[in-house]
Amino acid sequence: MADPSDLLVDRTLVLLRHSKAVPPESMPDLERPLADRGRADAAAAGRYLVAQGIEADLVLCSPSQRTRETWQYAAEAGATAADVWYDRQIYNADTVELLDVIREAPAEARTVIMVGHAPGIPWLADELALDGTSPERVQLTQKYPTSGLTVLHLTCRWADLSADDADLVSYVVPRG
């Protein structure tokens with residue numbers, strides 16, 4: 001019998017840029033919490049995930065305060081995850097580093113949400129999305145503000161994920 005992790009199955013990757021944080025002048029960057037608007041927007045992102053029926057097997061989250069709070073408020077609004085990993089590699093990562101983190105996701109995970117930062121998250125969404133002409137695809141390349149959320153569909157293994165391997169399902173900017 002074939003190992004289930006060897007099967008090519010549908011997978012969903014959600015790339016979520018953290019919600020609006022307080023200005024950086026008053027504290028170290030890693031410690032910046034969400035602003036009031038950010039908390040409302042993170043909850044809106046959570047409600048969007050629920051409305052789309054997206055339930056994560058794994059959340060890969062930067063350890064910064066604002067990314068942790070983004071997931072916290074999304075979860076309080078109903079978003080679910082079987083497990084959450086906080087990974088320092090996501091903080092200030094480029095697309096190569098973000099892909100390395102995703103490739104470490106367990107093979108049995110069908111839905112992974114990554115909560116991170118700009119410019120890495122927008123760059124990765126642009127790099128992975130195969131369709132270059134849809135209005136949503138064009139929009140995500142032009143502006144990917146805080147709480148920007150891209151849902152991608154793929155059939156490859158996490159370990160094999162590379163550029164142009166995913167279909168863009170949606171790109172939204174939930175607001176609370």
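Reader: How many bridges join β1 to strand β5, and which way do the two run?
Author: Six bridges join β1 to β5 (residues 149–154), and the two strands run antiparallel. Strands here are DSSP runs of E, at least two residues long, and helices are runs of H or I, at least four long, both numbered from the N terminus. Strands count as paired if DSSP finds at least two bridges between them. This is a predicted model, in which local features need pLDDT of at least 70 and side-chain atom pairs count only at pLDDT 80 or more, while totals for chains, interfaces and linings use all residues. Residues are numbered from 1 along each chain as its sequence is written, and side-chain values use heavy atoms, with hydrogens and water left out.

Reader: Which residue in β5 is the bridge partner of valine 14?
Author: That is valine 151. Valine 14 also has a bridge partner in β4, isoleucine 113. β1 and β4 (residues 111–116) pair in the parallel sense, over six bridges.

Reader: Is β1 buried or exposed?
Author: Six of the seven residues of β1 (residues 11–17) are buried, so the strand is largely enclosed by the rest of the structure. Buried means under 20% relative accessible area, exposed over 50% and partly exposed in between, with a 1.4 Å probe and protein chains only.

Reader: What is the strand order in the sheet?
Author: The order is β3-β2-β4-β1-β5-β6, an open sheet of six strands with mixed pairing. β3 (84–86) and β6 (167–172) stand at the edges with a single partner strand each, so one side of each has no neighbour in the sheet. From one strand to the next, the twist averages 15°.

Reader: What holds β6 on, in terms of pairing?
Author: β6 pairs with β5 in the antiparallel sense, over five bridges. Within that pairing, leucine 152 has leucine 168 of β6 as its bridge partner.

Reader: Which strands does helix α1 lie across?
Author: α1 (residues 36–51) lies across β1, β4, β5 and β6, and runs at about 30° to β5. Helix α2 (residues 65–76) also packs on the sheet, where it touches β1, β2 (58–61), β3 and β4. The direction of α2 makes about 135° with that of β4. Axes are lines fitted to C-alpha atoms, for helices over the stretch in contact, and angles run from 0 to 180 degrees between N-to-C directions.

Reader: And α4, which of its residues are buried?
Author: Gly120, Ile121, Pro122, Leu124, Ala125 and Leu128. The buried residues of α4 pack against β1, α3 (95–103), β4, α5 and β5. Contact means heavy atoms within 4.5 Å.

Reader: Changing topic. How many aromatic pairs does a search of the whole structure find?
Author: One. The ring centres of tyrosine 144 and tyrosine 171 are 5.1 Å apart and the planes are at 45°, so the pair is tilted. Rings of Phe, Tyr and Trp (its six-membered ring) pair if their centres lie within 6.5 Å; planes under 30 degrees apart are stacked, over 60 edge-to-face, and the rest tilted.

Reader: Where do those two tyrosines sit in the chain?
Author: Tyrosine 144 is in the loop between α5 (135–142) and β5, and tyrosine 171 is in strand β6. They are 27 residues apart, and the pair links distant parts of the chain. Both tyrosines are buried.

Reader: What lies over the face of tyrosine 86?
Author: Arginine 68, at 3.9 Å from the ring centre. The criterion is NZ of Lys or CZ of Arg within 6 Å of the ring centre and within 35 degrees of the ring normal.

Reader: Which residue has a positive phi of about 70° although it is not a glycine?
Author: Serine 147. Serine 147 lies in the loop between α5 and β5 and is buried, at 0% relative accessible area. Aspartate 164 is another non-glycine residue with a positive phi, near 60°. Aspartate 164 is in the loop between β5 and β6 and counts as partly exposed, at 41% relative accessibility.

Reader: Last one: how many helices and strands are in the protein chain?
Author: Five helices and six strands, running β-α-β-α-β-α-β-α-α-β-β from the N terminus. Of the 176 residues, 47% count as buried.
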